[in-house]
Amino acid sequence: MPLSAKNFSLQRQWLCVVLVLPLLLFVATVTGCYTSLFSFGDSLTDTGNLYFISPPQSPDCLLPPYGQTHFQHPNGRCSDGRLILDFVAESLGLPYVEPYLGFKHGAVKSGNLEQGVNFAVAGATALDRGFFEEKGFAVGVPTNFSLRVQLDWFKELLPFLCNSSSGCKKVIGSSLFIVGEIGGNDYGYPLSETTAFGDLVTYIPQVISVITSAIRELIDLGAVTFMVPGILPLGCNPAYLTRFATIDEKEYDQAGCLKWLNMFFESHNELLQIELNRLRVLYPLNNIIYADYFNAALQLYNSPEQFGFGGNVLKVCCGGGGPYNYNDTAMCGDAGVIACDDPSQYVSWDGYHLTEGAYRWMTKGLLDGPYTIPEFNVSCFTGETIGDFNDYAMKQKSV
């Protein structure tokens, strides 16, 4: 049976005490702007590496109606449009980040890599594939695309980005590195096969260790500025709400999200912040920014009207029926499954991933709000993009 909220209370009280005190030391605003953007992660960040993976995953983000809102066609993004990574790139005045496997397969020219590369792969995990195979869990991608593999790809790419140690230090040092979101699949794959949820708690330190080790290696290579996202409030995820549905109303919060599941992911995020604080002590000249994806998304579920979302905020835009319009036998992209008329009215796109509208609001909360620690320097972002965010906010609130 899933753990109740009470099982996490003592652990989370201890985490909060350890977490809050170090954070008081890191209140300075991050300064400096970025000439390129490198990203690692899973389907929340993948901008096309998925194209070069077979067989297709479920849901298949390469089929219509994926990509319909902004790009008007599927392009490897698991949403109806742009992702947080895309909005961050726009805000920095940089082009959309090209997928690494596109470069490797000759679909992307090397000259397009100078302003950034995306190593994120839909379905990727922080831990290596072998970890899950040893425990008997199926992994939703045919090859190992773990964070370790993605970091190795970055190292392989360095000779194409720079031709000397000093040149590489300059390129890497002036770049923004987004490490994540990653970790959701490390828990998601076991959750799809077992209800022995308590075992997953022991995975948290291992997942966090992989993330912080990757940051250390990037620092050794010359990276200076990082954005490290936490995990979303997946207790509000329609796929999990469907799988773990219960008649016990006490298991749900006021928004209708599963409390025990969100508390688990909060535990991941809190431990991640503790370890990031330790890195800040070890590397005081580096900017390590925690991106609070959890609360940036949770505000959308708690106050949907404030952000222009209508109806049942937990319902899926592109799904095959059921209480949340999510059906694992009729997924978005499958024959006969139709998307809603207006994705901007929905938070969830396909039951696992969010809509462009939700990602836009989350990005606004990260770049122009309270959901990064320490805060980004707004002067790094183009006035045009900040204006676009504000115009969009006004339009949605007037709907």
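## Cavities, a pocket and helix packing in a predicted model

The largest cavity holds about 70 Å³ of space, in a structure that is a predicted model. Its lining is made up of 13 residues, and those nearest the centre of the cavity are Leu232, Leu234, Asn237, Tyr301 and Leu354. Sorted by class, the residues that line this largest cavity are nine nonpolar and four polar, with no charged residue present. In total, three cavities of 30 Å³ or more are counted.

The lining of the largest pocket comprises 17 nonpolar, 13 polar and five charged residues, whereas the lining of the largest cavity has no charged residues.

The two spaces are set out together below.

| Space | Volume | Lining residues by class |
|---|---|---|
| Largest cavity | about 70 Å³ | nine nonpolar, four polar, no charged |

Turning to the packing of helices, a pair of packed helices is described by the angle between the axes and by the distance between them. Helix α9 (residues 204–220) takes part in a contact with helix α5 (residues 147–161), where the two axes come within 10 Å and cross at roughly 10 degrees. Because angles under 35 degrees count as roughly parallel, α5 is roughly parallel to α9. On the α5 side the contact is made by Leu147, Arg148, Leu151, Phe154 and Lys155, and on the α9 side by Val210, Ile211, Ala214, Glu217 and Leu218. Of the residues in this contact of α5 with α9, seven are nonpolar and three are charged, while no polar residue takes part.

Helix α9 also packs with helix α11 (residues 259–282), at an angle of about 35 degrees and with the axes 10 Å apart. This crossing of α9 and α11 is right-handed. From α9 the residues that meet α11 are Ile204, Pro205, Val207, Ile208, Ile211, Thr212, Ile215 and Arg216, and their partners in α11 are Phe264, Ser267, His268, Leu271, Leu272, Glu275, Leu276, Leu279 and Leu282. The contact of α9 with α11 has 12 nonpolar, three polar and two charged residues. Ile211 of α9 is named in the contact with α5 and also in the contact with α11.

Some features of the backbone remain to be described. A cis peptide bond, with omega of about 10 degrees, joins Pro64 and Pro65, and Pro65 is placed in the loop between β1 (36–40) and α2 (84–91). The loop between β1 and α2 also holds Gln72, a residue that is not a glycine and yet has a positive phi of about 65 degrees. Another cis peptide bond runs from Gly180 to Glu181, with omega near 10 degrees, and Glu181 lies in the loop between β4 (175–179) and α7.

Conventions: Residues are numbered from 1 along each chain as its sequence is written. This is a predicted model: local features need pLDDT of at least 70, side-chain atom pairs count only at pLDDT 80 or more; totals for chains, interfaces and linings use all residues. Side-chain values use heavy atoms; hydrogens and water are left out. Axes are lines fitted to C-alpha atoms, for helices over the stretch in contact, and angles run from 0 to 180 degrees between N-to-C directions. Helices (H or I, at least four residues) and strands (E, at least two) are DSSP runs, numbered from the N terminus. Angles under 35 degrees count as roughly parallel, over 145 as roughly antiparallel, 65 to 115 as roughly perpendicular and the rest as oblique. Contact means heavy atoms within 4.5 Å. Ala, Val, Leu, Ile, Met, Phe, Trp, Tyr, Cys and Pro count as nonpolar, Asp, Glu, Lys and Arg as charged, and the others, Gly among them, as polar. On a 1 Å grid over the protein atoms alone, a cavity is a set of points where a 1.4 Å probe fits but cannot get out, and a pocket is an open set with protein on both sides within 12 Å along at least five of seven lines; lining residues have an atom within 4 Å of a point. Grid points are joined across faces, edges and corners, and a volume is the space filled by probe spheres set on the points. A crossing is left-handed if the near helix is turned anticlockwise from the far one by less than a right angle, and right-handed if clockwise.
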